[in-house]
There are 2 protein chains.
Amino acid sequence: MSRLAEICAGITPPDAEVAARTQRRLDFKTKPRRSLGRLEDLACQYAAIRRDEQPALPEKAIIVMGADHGVAARGVSAYPQEVTAQMLENFAAGGAAINVLARHAGARVVVVDIGVLRPVVNARIESARVAAGTADLSVGPAMSSAQAEAAIDVGLAHVERLHAQGVSVVGLGEMGIGNTTSASALTALLTGCSPEEVTGFGTGIDDAARARKVQLIQRALALHALDPQQPLAALASLGGLEIAGLVGVVLGAASRRMAVVLDGFIASTAALIAVRMAPAAQGYLVPSHRSVEAGHRALLRELQAVPLFEFDMRLGEGSGAALAMTLLDAAVKILLEMATFESAGVTDAGA
Amino acid sequence: MSRLAEICAGITPPDAEVAARTQRRLDFKTKPRRSLGRLEDLACQYAAIRRDEQPALPEKAIIVMGADHGVAARGVSAYPQEVTAQMLENFAAGGAAINVLARHAGARVVVVDIGVLRPVVNARIESARVAAGTADLSVGPAMSSAQAEAAIDVGLAHVERLHAQGVSVVGLGEMGIGNTTSASALTALLTGCSPEEVTGFGTGIDDAARARKVQLIQRALALHALDPQQPLAALASLGGLEIAGLVGVVLGAASRRMAVVLDGFIASTAALIAVRMAPAAQGYLVPSHRSVEAGHRALLRELQAVPLFEFDMRLGEGSGAALAMTLLDAAVKILLEMATFESAGVTDAGA
């Protein structure tokens, strides 16, 4: 068995017994039973992931994988390809939305060049380049199988290091001009939805550009004739290096009993591929928002992830993950810090 | 003109011109235009409220008004009336959900005894008692007009003090066993919905108790024969002292150009009364969650407030307001801290 197959096979679901004990603990807190709703669910899920009904406060990191896409040459984005590298520099300088939101959430940001066209040289960016961008998925495979596996390994390695540093929650972030085309193609294949249904406006293209994007995805799916039951092959043919990297992040985190906070469309595509490779990883996914990108709804349905909020966001970078982390923290604090009916001397209706 | 009427007349809407300038400022930040969706709306609203397109970071407080309700004697709650006072003590000790969530949000908590049955004596609780609870609204007016106005004055005075201390955002919190009955009656009257539609399970009563609660509200509405166009008279007949106090908080905050973060059903009832008294106050309301309590949907519709999240919460205390404050802070930080395309050297699609 390959190392990747071993990791997938080694993932076990979060502990349902711990979740149930955590709920009983919450039921003694000074509030009507279940009156904090999904905040209680989040606390139980996190406890179950950590196998600890009194887990330590989350230690948080957002991994932003950046890579370029050969398909960008087909005019599928509102932005030129050089923006991928420019935005990685912006992440390194601390001026992007994800920096602001991660600081707000108390999460560190790990920026990884996993395959930008020209190398981004910056001490604050991890260089883990698998290739100088992917090939154009509309004329051939975006990556070889070996490249896809190497990119997954990059994600695994980064999670492993964060785990060793005490991180317990990772958020999925990405940057890659053209990557909604890749994500829409993968989503269509893996969910069975039509390209028309799961293709959106990305960074802000117009109707005509979107129509071309849909046609391009239709042609690519016909060209590759992939089997939806083979997620790794699909990832190689249609994916991006950053998407593959995030697949590794999800698998590595689940194998290390860390929570994985979803972000928008691209990140959720990676999560679905990971769950198809290791179904037990699903319980480690903490939803964040539902983006305006058309395919996100189908992905979240497939992941059985009910979004925590819907803010009409469509930025990626891990921006939604950072916001969701503030809610996850709140949930864990409820579990750790609230008084019980007994300790506070409050009469309990259930008593 | 009375002082209250003067305050209402003096409220002007947030500055739409500042909101528009703030949006233009956001459009120069390194992200596709409008790609942070409602986070951008929140930033623009806050700037418009503060009349400053670069407002200082919010200084936040949650005002939790506690009072008892004569109608509690009718068995409309799952909890005994003594829980109101016990929970105020719990707020003062820092062990309740609102304490945990307010600490998380960086908001101070101001606890006010505005009319608990027996006085709560605690140095951390402000005593501003208007009465020893309300009378039973099912047999007569809950309050006199003078009491309702005195309770509004308590809210005004507390906001005034917080304003002087530099607070720019107030969250609406409340505690009062029996107060969903009062809020459902007010909601039915003010929205035109039937008591059946807007009466829920409060802290967790059963179907039979809820059916009695609906009947009681129907009888009360028939008894008082109120005019929905007279919000102050409705508040006196059906309201709670804590609801009246929060009406004062909303009006005072709007008159001082402070943002008001909504909470659940009870707090939103107070907000609707305030908006009926001073329509320009509406622009100062920042939505938080939609609670599971049946009447909340109708109230939010009436307030034209689209909730930021829906967590199946039904606790009150300001718990939803505290969570929403973390999102409002994130929005303001995006405005203040993000780089522009120019400063970060990123190519802009719009350029």
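Predicted model: local features only at pLDDT ≥ 70, side-chain atom pairs only at ≥ 80, totals over all residues.
1. Helix α6 (residues 145–164) of chain B and helix α10 (residues 231–238) of chain B have axes that come within 9 Å and cross at roughly 100 degrees. Angles of 65 to 115 degrees count as roughly perpendicular, so that is how α6(B) sits relative to α10(B).

2. Who does the touching here? On the α6(B) side you'll find Ser145(B), Ala148(B), Glu149(B) and Ile152(B), and they meet Leu232(B), Leu235(B) and Ala236(B) of α10(B). Sorted by class, this contact of α6(B) with α10(B) has five nonpolar residues, one polar and one charged.

3. Now for the chain pairing. Chain B puts 53 residues in contact with 53 residues of chain A. Between them the two chains bury about 4300 Å², with 64% of it on carbon and sulfur atoms. Keep an eye on Tyr79(B), His104(B) and Phe311(B): they supply 14% of the area that chain B buries against chain A, more than any other three residues.

4. Have a look at Arg103(B) and Glu337(A), whose side chains meet in a salt bridge at 3.0 Å, N to O.

5. Which parts of chain B face chain A? Helices that each supply at least two residues include α3 (37–50), α4 (82–93), α5 (97–105), α14 (319–337) and α15 (341–344) of chain B. The largest share, nine residues, comes from α14(B). By class, the side of chain B that touches chain A has 27 nonpolar, twelve polar and 14 charged residues.

Technical notes: Residues numbered from 1 in each chain as written. Chains lettered and ligands numbered in written order. Heavy atoms only, no water. Axes fitted to C-alpha atoms, helices over the stretch in contact; angles between N-to-C directions. Helix = DSSP H or I, 4+ residues; strand = E, 2+ residues; numbered from the N terminus. Parallel < 35°, antiparallel > 145°, perpendicular 65-115°, else oblique. Contact = heavy atoms within 4.5 Å. Nonpolar A, V, L, I, M, F, W, Y, C, P; charged D, E, K, R; others polar. Buried area = accessible area lost by both parts, 1.4 Å probe. Salt bridge = Lys/Arg side-chain N within 4 Å of Asp/Glu carboxyl O.
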